[in-house]
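Welcome! Take a moment to look over the sequence and the structure before reading on.

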Amino acid sequence: MTVTAPTTEQGTASDAEEPPDTGVRHKLTVVTGLAALSLDAMASVAYGPEAIVLVLAAAGGHGLGFTLPVTLAIGGLLAVLVASYRQVIAAFPEGGGAYAVAKTHLGPRASLVAAASLVLDYILNVAVAVTAGVAALTSALPGLYEDRLWLCLGVLILITAVNLRGIADSARAFLVPTAVFVGAILTLIVVGLFREGPASAAASAGHASLLTANATSVGALLLLKAFASGCSALTGVEAIANAVPSFRAPSARRAMRAEVALGALLGVMLIGLAALISRFGIQPVQGVTVLAQLADASLGHNWAFFVVQFATVVLLSLSANTSFGGLPVLLKLLARDNYVPHVFGLKADRQVHRHGVVWLATMSGALLIFSGGDTNTLVPLFAIGVFIGFTIAQTGMVLHWRATRQWGRAFLNGLGALLTGVSAAVVTATKFNDGAWLVLLALPLLVAVFACVHRAYKLIGKRLGVGRIPEPPHRRRSLVLVPVSSLTRLTSEALTVAVSLGDEVRAVTVCHPDPEDRAATEALERDWALWNPEIELVRILAERRSLGRPITAYVRKLTASESASESGPGVRVTVLIPEAEPEHLWQRLLQNQRGAIVAHAVRRDTDAVICRLRFRLTARQ
């Protein structure tokens, strides 16, 4: 408990009449929701088609002909996912996505698996997005390559700082880059579809082709692997469903519109780029991305080409913002259900869960340091968690629709669960030796942590009697101890407050055996007698140079004594610690911090109530 001495004037009437902040301006619209929560999905068009092409390149030029059919299959899965998550938003407007669905329809264990998979994927998304953006930058400016880790950490700090101001502010900050990127990609597609041949091939000139010399046949396994690799473009589709409360009212309706808009834009861009790959016969080459080749072929090697490249670099770096919009809301729901510390459920005045934002930044920063800022180290770990979440959400929605006998929707979600489940298995199997085993190890460990925290809160709730009507309050005799070392206004103020709080008040001073300390204590006792506050001053002898332990020993002696002259049975001991608070922050560094030492010792070694009195020192005093 902290008490502040009223030494400043009260606020003005205008302060009292200031209307409360309802938080509406700190929430999202459909447009700002796309900027805040869909950057991950939008940026995936930079690497999703390329992932398909790289797999199909094993079958040579013939294999690249299947790029558009594979992309159309991914587009179909995207449509299923968007329709499913639109229903998830309507059924679970409090957010949580796969976690909320699993908790309701599949039980707590499945919900924890969904939550753990989403947490891991959100952390990995930040690290992968930042490293990918910095990698694109260092490709254009090779001199920065050796400093890539510091660049990654700098970008992470920038995104974190923007998100600490609130999700709406981050959405407004990232709205222009998002619009530029989407506009550039759509322009690239439209212009390319009207061209009879590539406008330029300068970007890929002189670069070695990655087509396999000994081409394999196009079999079902190769197509399945290409499909699973291309499904990395679907990461981020679930983010809007996880963060429904971040939208303005009616939040569910706005979130559903944003989900549909995301699906439409992403589908058009993916299918359009795949069509251009087939139209221009684009092949994977060393050191040049497929998107760069498409921009070159469609727009020519001019300023428009560099606009696409720059917009891609910026959006890849900022796509980490999706995690900052989704994970704090998920952690809030987990905190509400007692699976993570309750501090993650606290919300600041700008509608931001700051503890969740800072924790995400810390974990992502550690991952960046571990990987050295290298994208290739992190990519094998990416997307596994989100496919697990997709599968769990779809399975839960099947049970949701079966309960209401809506078999058409249940079939749609069942198909989605089958496709995403197969994709999750294929992605995990193909990337297992490259590091995917780390995700399979971290997933059950994180679930175990959730369960451990839940058991701890359950035990705490049992001891506190949560959910039961407690005994009526009753009065206990109160004894207030006030540690003093000198006679000042602070001493007088502390004793005044103590007399108001307790039935009995004692001032205590610690005396050490050295002559200087004994002389100071005797002087204090003489001044005390002259002052005569009608409050006893107790000298506590200490053999060692310690301040907290002698006071805690005295408190334990009081609470353990059965003598009525000491404290009596049932006494409640309060230690009131007076502390001066200077007007300027730097002046507080000049204090000896005795109050903090005493408070720490009393809290650690006794059950006494701790009351810290802040006596503010102002120039008017």
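This report walks through some of the salt bridges.

Please keep in mind that the model is predicted. In total, the structure holds 9 salt bridges. Three of them are listed here.

| Salt bridge | N to O distance |
|---|---|
| Asp337 and Lys103 | 2.9 Å |
| Arg477 and Glu504 | 2.3 Å |
| Asp605 and Arg604 | 3.0 Å |

Let us start with the pair of Asp337 and Lys103, whose side chains meet in a salt bridge. Asp337 sits in the loop between α16 (321–336) and α17 (354–371), while Lys103 belongs to helix α7 (residues 98–105), so this pair ties together parts that are 234 residues apart in sequence. Asp337 counts as buried because its relative accessibility is 13%, and buried means under 20%. Lys103, with a relative accessible area of 38%, is partly exposed.

Next come Arg477 and Glu504, joined by a salt bridge of 2.3 Å, N to O. This pair links distant parts of the chain, 27 residues apart: Arg477 is in the loop between α21 (432–464) and β2 (478–483), and Glu504 is in strand β3 (residues 504–511). Arg477 has a relative accessible area of 31% and is partly exposed.

The pair of Asp605 and Arg604 also meets through its side chains, at 3.0 Å from N to O. Asp605 is partly exposed, at 29% relative accessible area, and Arg604 counts as partly exposed at 47% relative accessibility.

Finally, which residues do salt bridges with shared partners join into one network? They are Lys103, Arg336 and Asp337.

Terms used: Residues are numbered from 1 along each chain as its sequence is written. This is a predicted model: local features need pLDDT of at least 70, side-chain atom pairs count only at pLDDT 80 or more; totals for chains, interfaces and linings use all residues. Side-chain values use heavy atoms; hydrogens and water are left out. A salt bridge is a side-chain nitrogen of Lys or Arg within 4 Å of a carboxyl oxygen of Asp or Glu. Helices (H or I, at least four residues) and strands (E, at least two) are DSSP runs, numbered from the N terminus. Buried means under 20% relative accessible area, exposed over 50%, partly exposed in between (1.4 Å probe, protein chains only).
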